[in-house]
Amino acid sequence: MPKPVLAYIRAIDAMNRFIGRIAMYLIFVLVGVLLWSSISKTLFSPSHWTLETAQFVMVAYYVLGGPYSIQLGSNVRMDLFYGGWSNKQKAWMDAFTVFFLMFYLGVLLYGGLSSFAYSLGQPYNVGTYEFFGDLIRTLFTQGFDAAGEKLGHLERSSTAWRPHLWPVKSLLCLGIFLMLLQCLAELFRDLGRIKGEAI
Amino acid sequence: MSYDMIAILMFASMMLMLLTGQRVFGAIGFVGAAAGMLLWGTGGVEIPFSAAMKLMKWYPLLTLPMFIFMGYVLSESKIADDLYKMFHVWMGPVKGGLAIGTIGLMVLISAMNGLSVAGMAIGATIALPELLRRGYDKIMVTGVIQAGSSLGILVPPSVVLVLYAMIARQPVGQLWLAGVVPGLMMATMFIIYIYVRCRLQPELGPPLPEEERNVSMAEKLRLLRAGLLPLVIFAAMMVPFVKGWTSLVESSAIGAMTAFLAAIVKGRMTRAVFETSVRSTLAISCMFMWIILAALGFGAIFDGLGAVKAIESLFTDQLNLNPWMILILMQLSFIVMGTFLDDTAMLVIVAPLYVPLVGELGFDLIWYGVLYTITTQIAYMTPPFGYNLFLMRAMAPPEIGLRDIYISIIPFALVMVVALSLVMIFPQIALWLPDYVYGK
């Protein structure tokens, strides 16, 4: 395996493991929010932010924890044939079928980015990537306030609390992107296995 | 392209993708995404992502990580060990009593968590060695643990029913209540089977020897306290929910917290236990969530392209079957699929196909939820590819081979089929309790 590929695998593994280990503890945040919700409901007036906060935490939990769960090998496979193959045969098949997985993640990311752009108030006559490009260019050349001017009507959830939706959508895009990076690392790992190098 | 062709094409390519052994969520997600791009037209590309928003907004799904966490805390911290001792001492003197006690243990564990894995782990690591040591027949014992642990998905809180509720758009509370009576009925049927069998063939389940039976009454009563733990956890969860103080999701958080605190109080929450339970919760929750995400996208596209209608017309118009025959046919195909499909995959694939059809045929979807769960239970443990079978093989001591495991489940699977038929013929077994509580 070329050195840069090895470095890539190590870097992605370390980063996703780090993020996943943080996401892992979000279960306690989730418990806390829901407990607060039941306490406040019984003792005084119910807080209307708890439900959606819990949902946002759950999204962060599974989407940021996803790449780590791939590292842990917890994503089930149908092992009717797969279970009987040798490690090398498995690596061959995975190196091929992981592209289907990456295609799916790509479609998810595409939809995610367009939904993210919508939540930032993308004008209807501007394309998604044009909008993001313009936004990032303005941010770097003219600073934060000027970039803020570029945003349109920010999408809000249609509940009493009315939170903005862009934070959770950006989180989803980030998580899906990390998944893609992890899948690429898995592909390299399988290629290594085919050549007989365990990484 | 005709609707029939789309249905066949999507289904066949999904099966093919699954057979390659790629991660289930990738296989399902890919077929959904590709069909969305090729067959849908404008906007089809965005459906897989919009499933993520649907997933987020579906409130009861929050119970999933809670119950998974709870299950891991219970099985990893081994606070259920005392429960086994309780049944051991109280039920031991009866012929086959330890096996009957194990079913009781499984019912209690099922009432504390929503998956069958925790029951299986506790049964295989605690009960199984004890029963073998006391001369119980190994095939009998293996069957008892597999059948007993499968109750975990029928007795509330049940994760399978939560997932079903999402797909069928039915209230989780009613579904859970509907699972109570059939679950207890099935446990009773297992117990009757074990009792009768051990009466006829006492060598299968000998009573405890005299010296072991000699436990003082004080000691016996002390052990009974172990039974308080599941009661406390179950009550902490269910009382506020039934009283209407908390929602289902909030109750699940209370349950998770109670189990966690109980493990701390009992001094069982070591660093290793903490690490394993928190990490496994993330791993299993992520697995479930990503599969549901992919399946929701697949389902939306499959349904939107008219494939569900195609299957429906195949059954009703072309084959000219009456609703009951269709229902029985569906359950049969479900069991067949369950023998070679992974359980979670099956859950999310079969439900979107069958549930709308059941609704169209005019059956009660709460009642069907119970049928669906019992069928899943049977499918889980039927050879050659039941999920529980492999779990059992992984956890059981080496003297129990795959052959023993295969043979062991036959009588229990038959009992379950009888239970399934009973619920089918008498829907009131399932519907009585929810009707009574919700006063329909």
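How much area do chain B and chain A bury between them? This is a predicted model, and in it the two chains bury about 5,800 Å², with 77% of that on carbon and sulfur atoms. On the side of chain B, the residues that lose the most area to chain A are B:R23, B:F49 and B:W290, which together make up 14% of what that side buries.

In terms of contacts, 60 residues of chain B meet 60 residues of chain A.

Now the polar part. Nine residue pairs are in polar contact between chain B and chain A, and the rule finds two salt bridges across the interface. One of them joins B:E275 to A:R21, with the closest N and O atoms 2.9 Å apart.

Which elements of chain B give two or more residues to the side that touches chain A? They are α1 (3–19), α2 (24–40), α3 (47–57), α4 (63–76), α14 (248–265) and α15 (271–304). The largest share, 15 residues, comes from α15(B). By class, that side of chain B has 43 nonpolar, ten polar and seven charged residues.

On to the core. The largest nonpolar core has 219 residues, and the ones touching the most other members are A:Y62, B:I194, B:W290 and B:Y368. Here too α15(B) gives the largest share, with 17 residues.

Last, B:I194. Setting aside its neighbours within four places in sequence, B:I194 is in contact with B:G96, B:A99, B:I100, B:I103, B:M140, B:V144 and B:F412.

Technical notes. Residues are numbered from 1 along each chain as its sequence is written. Chains are lettered from A and ligands numbered from 1 in the order in which they are written. This is a predicted model: local features need pLDDT of at least 70, side-chain atom pairs count only at pLDDT 80 or more; totals for chains, interfaces and linings use all residues. Side-chain values use heavy atoms; hydrogens and water are left out. Contact means heavy atoms within 4.5 Å. Buried area is the accessible area (1.4 Å probe) that two parts lose on being put together, summed over both. A salt bridge is a side-chain nitrogen of Lys or Arg within 4 Å of a carboxyl oxygen of Asp or Glu. A polar contact is a pair of N or O atoms within 3.5 Å; within protein, one must be able to donate a hydrogen and the other to accept it, and residues adjacent in sequence count only if both atoms are side-chain atoms. Helices (H or I, at least four residues) and strands (E, at least two) are DSSP runs, numbered from the N terminus. Ala, Val, Leu, Ile, Met, Phe, Trp, Tyr, Cys and Pro count as nonpolar, Asp, Glu, Lys and Arg as charged, and the others, Gly among them, as polar. A nonpolar core is a set of buried Ala, Val, Leu, Ile, Met, Phe, Trp, Tyr and Cys residues joined through side-chain atoms within 4.5 Å. Buried means under 20% relative accessible area, exposed over 50%, partly exposed in between (1.4 Å probe, protein chains only).
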